[in-house]
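I opened this notebook to record, entry by entry, what I looked up in one structure.

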Amino acid sequence: MIASPLYIRRLTLAIFSLFLISSSLPLLHAQDWVRTGSNLNNQRIRLAAADFKPVGDDPQLPSLKTTFDATLFNDLSNAGIFEMVSKSMAPSALPGSPQEISLLQWSADPANASMVAFGAISATNGRLSVSGWVYDAKNPSSPQVLGKQYNATASQDNSRQMAHRFADEIIARLGGGLNGIAETKLYFVSSRTGSKEIWQMDYDGQNQHIVTKLGSISLSPRVSPDNTRLAFSSIGKEGWTIRMFSLELGRPVNFPAGIAGGSNLSPAWSADGAHLAFSSSRSGDPEIWVADSNGGNLRKLTAFKGPDVAPTWNPKTNAEIAWVSGRTGLPQIYTMDVDGANIQRLTDGGYAISPSWSPNGQMLAFSWNRKYGPGAPGGQDIYVMDIASRRWIQLTHDAGSNDFPSWSPDGRHLVFERAINSHTSIWSMLADGTEQQELTHSGKDFMPNWSWK
């Protein structure tokens, strides 16, 4: 039997989630633990990103340089760990090499930079070259922190990629060793072509393009930890099935465990990529099932009256699954071991859906309507909960209906869906709820998923 669209929406809404009323810490203190747990901290490095010095007179160079400069500054601004020096406060000189930079100019007011990223960009015979450095402006006796060189075919895409790569190198070096996210991808559902297909874009909303072309309804994309496959739910002649798409081959591949009657929804990868959890009603009520990534060794984890949907794996331990269950009425968030044992309820009240586990395994992001019900004034917002202490913080406020949070691999950012009236789009924000920005503007875009790396 094929579930109704509303039922499917309710089930897939459960794809990430979590909360709990157990602490009433002041907002400032709540932000402190979120920033600490997500590696944002409270002290930002004051960083200047100089426009790169153009070398040569290739006609492509001005536009390639503009793309590089803008992308690098945007990536560093989005990192969540820097206080960026405004371009208007930077010295007018463009240092293209260590011999050309005057650290005193950059460390003095008005720039007052602690660190400076600078370099040169050139285009010759169809090749683009970039040399970049990061210097400690407060340590003139031994200033070099980083030095990198990049070469590729001259194109706008490669100019962006070089900037992304340099930004990630800077973030990893200055941000405690965590890899940056500038080269990561976002997967999402869009109806802009007339059917609901899976799309891909860069982390900052650039380079949006379609992945699947099934001409049907596809939901809940989940990219594998090695970025080679997409699992998602789609409706076809067999009803709602879990399908697999090879990003390397550019076509669907076989996943036999996902096609067995009932509604099969909301897939989730294990951290090692060896297993896939999903919800299936093949045995009656929707339950959580797990199969090997090739579709073999299928087994059921839950067995209780009421729907069990939207699993998410603990990416740190690979030993726990959080999911949404309606066994007590309205959907709530639970956790269990990967064998189905040690079930614990985390939420208690309202309408809690869509759990997403943070990369360090310490927190869950989720969507929660705390005052759900007829005539209730509540709204659907994104929350984050520290699992050990059961403290939570609300990240979105008074801005439409917010759902489907997904963590960035560095744990400092979240992407989510926001619906305001008839407009649904993908947004991103830092893990403390600040710096929210809209990434998509065409059609209806929803159910985002951030790549693992």
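Which residue in β12 is the bridge partner of S234? I found that S234 is paired with T241 in β12. I noted that helices (H or I, at least four residues) and strands (E, at least two) are DSSP runs, numbered from the N terminus, and that two strands pair if DSSP finds at least two bridges between them.

**Entry 1. Source.** I recorded that the model is predicted, that local features need pLDDT of at least 70 and side-chain atom pairs count only at pLDDT 80 or more, while totals for chains, interfaces and linings use all residues. I also recorded that residues are numbered from 1 along each chain as its sequence is written, and that side-chain values use heavy atoms, with hydrogens and water left out.

Entry 2. I followed the strands in order along the chain. β10 pairs with strand β11 (residues 229-236) in the antiparallel sense over four bridges, and S218 stands opposite S234 in β11. The two strands form a hairpin with five residues between them, and N227 in its turn has a positive phi of about 65°.

I then looked at β11 and β12, which run antiparallel and are joined by eight bridges. β12 in turn runs antiparallel to strand β13 (residues 251-253), with three bridges, and M244 has V253 in β13 as its bridge partner. Four residues lie between the strands in the hairpin of β12 and β13, where G250 takes a positive phi near 70°.

In β10, six of six residues are buried; in strand β12 (residues 239-246), seven of eight are.

**Entry 3. An open sheet.** I found four strands in the order β18-β19-β20-β21, with antiparallel pairing. Strand β20 (residues 332-337) is joined to β21 by two bridges, and Y334 has R345 in β21 as its bridge partner.

**Entry 4. Nonpolar cores.** I used this meaning: a nonpolar core is a set of buried Ala, Val, Leu, Ile, Met, Phe, Trp, Tyr and Cys residues joined through side-chain atoms within 4.5 Å. In soluble globular proteins, nonpolar side chains tend to be buried together. The largest core here has 30 residues, and F68, L72, L76, F82, V134, F166 and I170 touch the most other members. Among the elements that each supply at least two of its residues are β1 (45-49), α3 (61-78) and α5 (156-174). The largest share, seven residues, comes from α5.

I next listed contacts (heavy atoms within 4.5 Å). Leaving aside neighbours within four places in sequence, L72 is in contact with F52, A163, F166, A167 and I170. A second, separate core of 17 residues includes V309, A310, M385 and I387.

**Entry 5. G119.** I located G119 in strand β4 and found it buried, with a relative accessible area of 0%. Its C-alpha atom is separated by 6.0 Å from that of W133, 14 residues apart along the chain. Beyond four places in sequence, the contacts of G119 include F52, P95 and W133.

Entry 6. I asked where space is left, on a 1 Å grid over the protein atoms alone: a cavity is a set of points where a 1.4 Å probe fits but cannot get out, a pocket is an open set with protein on both sides within 12 Å along at least five of seven lines, and lining residues have an atom within 4 Å of a point. The structure holds one cavity of 30 Å³ or more. The largest cavity has a volume of about 100 Å³, and its lining includes N78, Y203, H413 and S428. Strand β28 (residues 423-430) gives the most to this lining, with three residues. S428 is found in β28 and is buried, with a relative accessible area of 8%.

I found about 350 Å³ of space in the largest pocket. Its lining has 23 residues, of which S356, W357, N449, W450 and W452 lie nearest the centre. β10 (218-223) and β18 (308-313) are among the strands that each supply at least two lining residues.

Conventions
Buried means under 20% relative accessible area, exposed over 50%, partly exposed in between (1.4 Å probe, protein chains only). Grid points are joined across faces, edges and corners, and a volume is the space filled by probe spheres set on the points.
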